Amino acid sequence: MIRHLLPLLLALLVTPAAALAQDNAAPETTGFYRFEPTSALSTLGIIYAIAMVALFLYIGWVSKNRVATSTDYYAAGRSVGGLSNGLAMTSNYMSLATFLGFTALLWSIQYFLVAITLSFLGGFVMISIAIAPCLRRGGHFTSMQFIGDRFGHTAKIIAVLCMILLAQLYLIGQMKGVGNVFQVMFHWDYTTGLIVGGLVVTTYVTIGGMYGLSYNQTAQAIIMGIALFLPAVIILWKLGAGWASFFPPFGYGNLVPQMMEALPSYFDPFSTSDGTLPLTPKFYTAIMLSIAFGTIGLPHIAMRYLTAPTVHSAKISTLWGILFIGLVFFTTFAIGFAAKLYTVNELNANGLAIEPNQADLLVVIMSQAFTPAWIAALPVAGALAAGMSTIGGLLMVIGTGIGNDIYSTLVPKAEDRSRVKAGYIFTAFGGIVTIMLALNPPAFLLTSVIWAFVVASSTFTPVLILGIWWKGANRAGAIAGMLVGGFLSIALWWTKGSLLGVQLIHLGPLGFLVTAIFSASAAWFTTVVVSLLTGGEKDERILRMVDQIHGWRQYHPDRYNGKAFPLACAGIALALMVWSAMPDPAFEAAAAAKSPAETEVASTTAD
């Protein structure tokens with residue numbers, strides 16, 4: 001598959017792919033497919049869900065007995081081993097939006113999802129190299145706490161506010177998914193399912209702290225793996241993948257000839273939506289700057305490294321995490337590929353189309369179509385486990401950010417017991433607020449989640465990397481960078497690329513992801529330039545701290561203090577900002593070939 005991405009190196013030679021629309025258009029549809037679970041599927045799904053909820057609450061309750069100090073509550077006593085932490089990272093990252101929404105995204109954008117998958121994994125590689133060891137050596141509970149120690153209390157408060165913003169964006173998608181599962185599978189109304197599922201995860205995270213979260217996330221990763229692998233094998237086998245089905249990525253490979261015959265445009269790396277919407281190098285750049293760099297900035301991911309007993313254990317956790325996450329991602333990709341093939345060959349061929357709000361259920365649709373009920377119900381359990389795992393991680397980071405980082409700033413002499421109590425209160429508060437916000441969620445599970453990645457890459461990532469690898473980054477630069485990146489990541493997404501009536505970004509027909517090129521680059525540029533203009537960091541205590549978190553025993557003032565790295569970052573960032581503001585001929589050609597109504601529908605569907 002990677003071979004298909006090599007044309008990116010020849011980006012200047014790319015031409016619009018809109019011409020594929022006529023040759024490879026799907027058959028004309030006359031109606032919509034509506035998924036209805038069988039009674040057996042619903043019954044078994046309820047049984048699996050009840051069993052899981054009981055298990056998660058039990059683990060949370062038992063873990064409560066291990067919480068004695070703030071280190072226990074916020075970092076599980078820094079005692080989570082490599083394998084367990086790797087599994088916890090997997091379930092923490094593989095959210096419900098990924099478990100269900102990944103197939104919906106593949107259904108919409110097709111081969112482009114390869115770049116997204118590789119960016120997810122690439123983000124973890126960059127974390128293990130650039131961020132995790134240094135944060136662990138610093139002995140922090142959160143990345144916000146590191147920002148506070150490195151850049152001061154004001155920067156920490158701004159970082160916590162940015163964290164709350166992106167955590168809520170991330171959480172809304174997860175809460176919506178939990179509500180949807182209960183609504184569709186168990187015939188509950190959405191609000192009831194949302195409240196029940198949200199309160200369950202809020203309860204076990206609040207009472208068990210990071211111990212309860214870590215043990216639950218380990219169990220949830222195992223549940224997710226089984227719930228996805230077994231249906232995938234059977235589905236691929238029945239679609240004709242043969243013995244390769246037992247390793248889903250290979251089963252996907254065996255189905256490629258069928259897809260080439262049914263929908264050749266699927267494999268065009270520069271088009272999507274049946275070849276009618278063009279992809280350009282801007283989107284691949286946006287994927288890197290949002291997904292890969294956004295992963296670095298996600299605070300609930302960074303927290304997992306801070307529970308490891310040693311830096312070595314944190315690195316081992318990353319290796320296990322990359323292995324498990326890669327297996328789940330590529331298995332999800334394979335089952336999504338199968339769902340696309342099934343949609344074209346079976347549903348579209350019979351005049352039926354999948355509605356956008358049904359696309360998130362493609363995993364369950366395929367399972368019910370090809371597997372016995374006891375296996376078909378497993379993705380329901382896996383989806384709930386995935387949603388609850390990520391919700392738990394985000395609630396924990398909210399509780400830690402407010403209960404520890406903000407509370408310790410406002411009440412510096414607070415007793416350790418009071419800080420633990422604050423964690424209980426603010427973790428529960430975060431869960432209740434998120435449930436309320438999820439009552440009116442976005443149409444697609446992944447919409448708000450991808451927005452969270454854009455916010456993370458535009459706020460946390462530049463400040464973390466520059467703060468760790470460049471001593472010259474100072475308080476003024478960090479504060480300015482987070483404020484500029486945070487404002488632009490919200491404003492440009494909300495206004496579809498315009499600011500004060502000026503169209504800063506030409507989004508094209510695929511959506512808001514391109515805003516990350518401008519907002520993230522602006523944050524990098526602002527942090528560097530403001531730090532340089534204000535004289536850089538002068539506090540020797542902080543300069544010594546930078547050496548210490550890198551593991552140096554002897555302080556050297558010139559180490560990590562050169563100008564080449566920050567100037568290169570600023571130059572690249574400025575170039576990307578200018579490039580993102582330039583109109584893209586491919587988008588203009590696609591828009592000219594469509595009516596305004598068609599363009600609007602395509603944009604809405606893709607987003």
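**Aromatic pairs and the nonpolar core**

The count comes to 18 aromatic pairs, where rings of Phe, Tyr and Trp (its six-membered ring) pair if their centres lie within 6.5 Å. Planes under 30 degrees apart count as stacked, over 60 as edge-to-face and the rest as tilted. The rings of Tyr-266 and Phe-267 form an edge-to-face pair, with centres 5.0 Å apart and planes at 75°. The model is predicted: local features need pLDDT of at least 70, side-chain atom pairs count only at pLDDT 80 or more, and totals for chains, interfaces and linings use all residues. Residues are numbered from 1 along each chain as its sequence is written, and side-chain values use heavy atoms, with hydrogens and water left out.

Tyr-266 is buried, at a relative accessible area of 0%. Buried means under 20% relative accessible area, exposed over 50%, and partly exposed in between (1.4 Å probe, protein chains only). Phe-267 also counts as buried, at 10% relative accessibility. The rings of Tyr-266 and Phe-337 are edge-to-face too, with centres 5.1 Å apart and planes at 80°. This pair links distant parts of the chain, 71 residues apart. Tyr-266 sits in the loop between α11 (248–262) and β2 (271–272), and Phe-337 in helix α14 (residues 311–347). Helices (H or I, at least four residues) and strands (E, at least two) are DSSP runs, numbered from the N terminus. Both Tyr-266 and Phe-337 are buried. Ring pairs join Tyr-252, Tyr-266, Phe-267, Phe-333 and Phe-337 into a cluster.

Tyr-252 is also one of the buried residues of α11, which include Pro-248, Gly-251, Leu-255 and Met-259. The cover over these buried residues includes α10 (190–238) and α14. Helix α11 bends by about 40° at Leu-255, and Pro-257 follows within four residues. The bend is the angle between axes fitted to the seven residues ending at a residue and the seven starting there.

The largest nonpolar core has 186 residues. Such a core is a set of buried Ala, Val, Leu, Ile, Met, Phe, Trp, Tyr and Cys residues joined through side-chain atoms within 4.5 Å. Tyr-93, Ile-147, Tyr-266 and Phe-460 have the most contacts inside the core. Helix α18 (residues 378–410) gives the most to this core, with 16 residues. Phe-460 touches residues including Ile-147, Met-163, Leu-166 and Gly-297, not counting residues up to four places away in sequence. Contact means heavy atoms within 4.5 Å.
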